[in-house]
Amino acid sequence: VLEGINDIGLSTSSAASIIAGYRQLIARAHARGLEIFGGTLLPFAGAAYHSAAGERTREAVNAWIRTSGAFDGVIDFDAVMRDPADPLRLNPRYDSGDHLHPDDAGYQAMADAVPLGMLLRG
């Protein structure tokens, strides 16, 4: 699951409301005997709808994804995709130009960050 950045950028969704949505997805997946994996939200500073409040929400959501134990596994896309010189922004080598969506190299880096053992266990 990699959802929520548009909720943060295009509305006033709180971290609590996004987390509540994640909890619903997790419960529904588990009720069907499925595992569900969470991906941290990518940096978006510089994007048209970035704001300081939105950044705080993204950071709170990411902290919950990383530490709650609610997902069956976590892929830390934020850590992979952020600019080492400015962690609130996408790494320029992965930025499609809108400071929100990765380019092809960025999507490849995201794919490479998925631990296949996590997906294949069982």
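**Before starting**

The model is predicted, and local features need pLDDT of at least 70, side-chain atom pairs count only at pLDDT 80 or more, and totals for chains, interfaces and linings use all residues. Residues are numbered from 1 along each chain as its sequence is written, and side-chain values use heavy atoms, with hydrogens and water left out.

Helices (H or I, at least four residues) and strands (E, at least two) are DSSP runs, numbered from the N terminus. Buried stands for under 20% relative accessible area, exposed for over 50%, and partly exposed for values in between (1.4 Å probe, protein chains only). Contact, or touching, means heavy atoms within 4.5 Å.

**Stop 1: the largest nonpolar core**

A nonpolar core is a set of buried Ala, Val, Leu, Ile, Met, Phe, Trp, Tyr and Cys residues joined through side-chain atoms within 4.5 Å. Select Ile5, Tyr22, Phe44, Val61, Trp64 and Phe71: of the 19 residues in the largest core, these touch the most other members. Now colour the helices α1, α2 (15-31) and α3 (52-67), each of which supplies at least two residues of this core. The largest contribution comes from α2, with six residues. Apart from this core lies another one of eleven residues, including Leu42, Tyr94, Met110 and Met118. In soluble globular proteins, nonpolar side chains tend to be buried together.

Keep Ile5 selected and show its contacts. Not counting residues up to four places away in sequence, Ile5 touches Leu41, Leu42, Phe44, Tyr49, Arg58 and Leu100.

**Stop 2**

Move to Ile18 in helix α2. Is Ile18 buried or exposed? Ile18 counts as buried because its relative accessibility is 8%. Leaving aside neighbours within four places in sequence, Ile18 is in contact with Gly4, Asp7, Ile8, Ser13, Thr57 and Val61. For a distance label, pick the C-alpha atoms of Ile18 and Gly4: they are 6.6 Å apart in space and 14 residues apart in sequence.

Next select Asn62, which lies in helix α3. With a relative accessible area of 1%, Asn62 is buried. Thr40, Leu41 and Asp78 are the residues Asn62 touches, not counting those up to four places away in sequence.

**Stop 3: the largest pocket**

A cavity and a pocket are both found on a 1 Å grid over the protein atoms alone: a cavity is a set of points where a 1.4 Å probe fits but cannot get out, a pocket is an open set with protein on both sides within 12 Å along at least five of seven lines, and lining residues have an atom within 4 Å of a point. Grid points are joined across faces, edges and corners, and a volume is the space filled by probe spheres set on the points.

The largest pocket has a volume of about 280 Å³. To find it, select Leu2, Ile5, Asn6, Leu100 and His101, which are the closest to its centre among the 16 lining residues. Two elements give two or more residues to the lining, α1 (5-10) and α5 (104-113). Helix α1 gives the most, with three residues. By class, the lining has eleven nonpolar, three polar and two charged residues (nonpolar: Ala, Val, Leu, Ile, Met, Phe, Trp, Tyr, Cys and Pro; charged: Asp, Glu, Lys and Arg; polar: the others, Gly among them).

**Stop 4**

Select β3 (residues 82-83) and β4, which run antiparallel and are joined by two bridges; strands pair if DSSP finds at least two bridges between them. A hairpin connects β3 to β4 through two residues. Which residue of β4 is the bridge partner of Arg82? The partner is Leu90.

Follow the chain into the loop between β4 and α5, where Asn91 is placed. Asn91 is buried, at 12% relative accessible area. Not counting residues up to four places away in sequence, Asn91 touches Met81, Arg82, Asp83 and Pro84.

His99 is also in the loop between β4 (86-90) and α5. Phi of His99 is near 65 degrees, a positive value in a residue other than glycine. Most residues other than glycine have a negative phi. His99 is partly exposed, with a relative accessible area of 28%.

**Stop 5**

Tyr107 lies in helix α5 and is partly exposed, at 43%. Leaving out residues up to four places away in sequence, Tyr107 touches His101 and Pro102.

End at Leu10 in helix α1, which counts as exposed at 63% relative accessibility. The C-alpha atoms of Leu10 and Met118 are separated by 32 Å.
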